[in-house]
Amino acid sequence: MKNLDGIPPIHCLAAFEAASRHGSFERAAEELNVSQSAISHRIRSLEEQLGTRLFDRLDRGVRLNLAGREYLEVVRGALKALAEYPGHRRPLRARKRGLRVGLPPAFAREVVVPALGEFAARHPGTAVELVVSIPFQEVHAGETDLDVRFGSGDYDDGEASLLLNEPMFPVCTPEYASRAKLDEAPESLSRAVLLRCPFDPWKPWFEAAKLGWPEPDTGPRYNDAGMMIEAALAGQGVALGTPRLTARWLRSGALRRLYDIEAPCPYSYFLVRRRKSEAAEAEHFVQWLKELAARDPALELPAAQAKAGLRVVRP
């Protein structure tokens, strides 16, 4: 058999064929249940591999050029041959694609995954796939129906709506609080290692506590709030937590909220609708997420915390 390395990926060929038929990347994206940017990327990859442009880009849509028309005949013949192969014809009912949701890792782990069985019980016919995206790091979940994003809400690849904004407050283990000699005065944090995350800056909390301190430039730094909370659980310092990301640890007593002071986080969680497909399933998941976000995460803390030398406030 000849080397097949030079054959373009079939998803690029399918994108090319659909765009040729519709004269539009947008309509091809709708047919193939992917984003318009994905179609554009696949066509660009195909053109780069072939070393020639296949479309003329117009004000409205695209049009095959001479090279594109010649290549289309080859592609359609190949796709037709594949479609007619008997082994590709399965009598089983076509499997539903399901709902693909992108989530920040800490929000997924602490908020969505523990409650996902509730959604499954309400909508047993909807298959859900959860994939991770990292805020502000250009690490995206790929082609999704719906994203939960943590940021400013300024996104150009979907319709964004506010889901949740939470206050921030310092948390650490009881053992670390004792070791660092933290007391009721916020100034005692000067004796602590302050764990840092770019999405949860300390400066707003310092201002709320009337501490005129600058943003810390020393101490461990994490690009994920969940990793920062894990570091606090390991007794490595004090982290800024939020009610939902720390609820189970506050309930168990593994973490303690230090002061009766909180500050608004400069960033929020947003729902971003990215595709028009699976509209009913996506809407069900959106409504469930909104219910989840509206619930009060405040939980009764262990009585032992009330007896400690720190002032404890329920999140």
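View 1. Contact here means heavy atoms within 4.5 Å. Helices (H or I, at least four residues) and strands (E, at least two) are DSSP runs, numbered from the N terminus. Axes are lines fitted to C-alpha atoms, for helices over the stretch in contact, and angles run from 0 to 180 degrees between N-to-C directions. The model is predicted: local features need pLDDT of at least 70, side-chain atom pairs count only at pLDDT 80 or more, and totals for chains, interfaces and linings use all residues. Residues are numbered from 1 along each chain as its sequence is written, and side-chain values use heavy atoms, leaving out hydrogens and water.

**View 2. Helix H10 also lies across the sheet strands.** Residues 279–294 form helix H10, which lies across E3, E4, E5, E6 and E11 and runs at about 170° to E11.

**View 3. Five strands make an open sheet with mixed pairing.** Their order is E4-E3-E5-E11-E6, where two strands pair if DSSP finds at least two bridges between them. Strand E4 (128–132) and strand E6 (159–164) are the edges, each pairing on one side only.

**View 4. Strands E3 and E4 run parallel.** Five bridges join E3 (residues 99–103) to E4; Val101 has Leu130 of E4 as its bridge partner.

**View 5. Gly219 sits in the loop between helix H7 (203–208) and helix H8 (225–233).** Its C-alpha atom is 5.8 Å from that of Leu195, 24 residues apart along the chain.
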